[in-house]
Amino acid sequence: MKCGITEFHYVIIRPMKKKWLIILLAIPLLFLLGVYLYIQNVFIPVELKQIIVQETYRSLNRSVSIGHISYNPFRGATIKDFVVYEKDSEDVPFISVRRASVKILLGAFLKNREIVIPSAKIEQPYIHLIHIKDQEWNFSDLIEKSQES
């Protein structure tokens, strides 16, 4: 009866193969880093900001401005200096928020395409209300528009 001896073969990576392995691993990592930097430095602060301003103007028919938008996967999304102006004046703020931040659970979004917001924080909210005449306020146009929809 033979006694079985197991031989272990170690894979020795030669320096040239090791170099190629590092390069092959580095390429996708550099690509992902580039995508992340584009999203953080171009898409969110420029393009997403423009989309939010245009869509808010379209739905409210009021001028809107945003100071800065940022997103961090660990801390969430933050909008700074968000202002919706009075209907007839771009100088008078109707609603403003110094800073608004929300945490978004990415796992729920990636798994079920659901946006789950476990917490939200609003700093220095401001609303400018004006009673114009009987049953008419400076936000009456927003109520009438929402009832038509």
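Arg-62, Glu-86 and Asp-141 are joined in a network of salt bridges, a salt bridge being a side-chain nitrogen of Lys or Arg within 4 Å of a carboxyl oxygen of Asp or Glu. The model is predicted, so local features need pLDDT of at least 70 and side-chain atom pairs count only at pLDDT 80 or more, while totals for chains, interfaces and linings use all residues. Residues are numbered from 1 along each chain as its sequence is written, and side-chain values use heavy atoms, with hydrogens and water left out.

**Salt bridges**

- The count by this rule comes to six salt bridges.
- Between the side chains of Arg-62 and Glu-86 the salt bridge is 4.0 Å, N to O, and because Arg-62 lies in the loop between H1 and S1 and Glu-86 in the loop between S2 and S3, the pair ties together parts 24 residues apart in sequence.
- Arg-62 is buried at 0% relative accessible area, as is Glu-86 at 11% (buried means under 20%, exposed over 50%, partly exposed in between, with a 1.4 Å probe and protein chains only).
- Lys-133 and Glu-136 form a salt bridge with their closest N and O atoms 3.8 Å apart; Lys-133 is exposed at 52%, whereas Glu-136 is partly exposed at 30%.

**Largest pocket**

- The largest pocket holds about 460 Å³ of space, and among the 19 residues lining this pocket, Ile-44, Leu-48, Tyr-71, Ala-77 and Ile-104 are the closest to its centre (on a 1 Å grid over the protein atoms alone, a pocket is an open set of points where a 1.4 Å probe fits, with protein on both sides within 12 Å along at least five of seven lines, and lining residues have an atom within 4 Å of a point).

How values were computed: Points joined across faces, edges and corners; volume = space filled by probe spheres on them. Helix = DSSP H or I, 4+ residues; strand = E, 2+ residues; numbered from the N terminus.
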